[in-house]
Amino acid sequence: MLEDVNAVREAQKLNIPVIAIADSNVNPTGIEYVIPGNDDAIKGLKLILDYVAAAIEEGKASAKKEDK
C-alpha cells in the first residue's frame with residue numbers, strides 16, 4: 001500500500017527502526033525487524049501484539065528494578 005511505503009520512507013529518514021508483521025507476499029525491503037505472520041487475520045495480529053505488549057511490560061518492570 002502507498003501509506004505503508006510512505007511510512008517506511010519517513011521512518012528511514014528519521015532513523016527509526018521499522019518493525020512489521022508481514023505475509024509471505026510482502027516485500028520486506030526497508031523493514032529492519034520482520035515478524036512473519038498473517039497480516040490479514042485479526043486474531044493472529046492480536047495474538048502477536050499481546051506478546052509484544054507483554055514483552056514491553058516485562059522490560060519496563062525489569063528497568064524499574066535496575067534503577068533501584
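Reply: The lining of the largest pocket divides into 11 nonpolar, 2 polar and 2 charged residues, in a model that is predicted. These belong to a lining of 15 residues, of which Asp4, Val5, Val8, Val26 and Ile31 lie nearest the centre of the pocket. The elements that give two or more residues to this lining are helix 1, residues 2-13, and strand 1, residues 19-22. The space in the largest pocket comes to about 410 Å³.

Two of the residues nearest the centre, Val8 and Ile31, also take part in the largest nonpolar core, whose 5 residues are Val8, Ala11, Val18, Ala20 and Ile31. In soluble globular proteins, nonpolar side chains tend to be buried together.

Strand 1 pairs in the parallel sense with strand 2, residues 33-36, over 4 bridges, and the partner of Ala22 in strand 2 is Pro36.

The loop between strand 1 and strand 2 contains Asp23. Leaving aside neighbours within four places in sequence, Asp23 is in contact with Gly37, Asn38, Asp39 and Asp40. For one of these, Asn38, the C-alpha atom is separated from that of Asp23 by 5.2 Å, although the two residues are 15 residues apart along the chain.

Turning to helix 1, Glu10 has its place there and counts as exposed because its relative accessibility is 51%, where the cut-off for exposed is over 50%. In the loop between helix 1 and strand 1 one finds Asn15, whose phi is near 55 degrees, a positive value in a residue other than glycine. Asn15 is exposed as well, because its relative accessible area is 68%.

Beyond these elements there is helix 2, residues 42-67, in which Asp67 lies. Asp67 counts as exposed because its relative accessibility is 68%. The C-alpha atoms of Asp67 and Ala41, which are 26 residues apart along the chain, are separated by 39 Å.

To return to the request, the pocket has a lining to which helix 1 and strand 1 each give two or more residues, and 11 of the lining residues are nonpolar.

How values were computed
Residues numbered from 1 in each chain as written. Predicted model: local features only at pLDDT ≥ 70, side-chain atom pairs only at ≥ 80, totals over all residues. Heavy atoms only, no water. 1 Å grid on protein atoms, 1.4 Å probe; cavity = no way out; pocket = protein on both sides within 12 Å on 5 of 7 lines; lining within 4 Å. Points joined across faces, edges and corners; volume = space filled by probe spheres on them. Nonpolar A, V, L, I, M, F, W, Y, C, P; charged D, E, K, R; others polar. Pairing = 2+ DSSP bridges. Core = buried A, V, L, I, M, F, W, Y, C linked by side-chain atoms within 4.5 Å. Buried < 20%, exposed > 50% of the residue type's maximum accessible area, 1.4 Å probe, protein only. Contact = heavy atoms within 4.5 Å.
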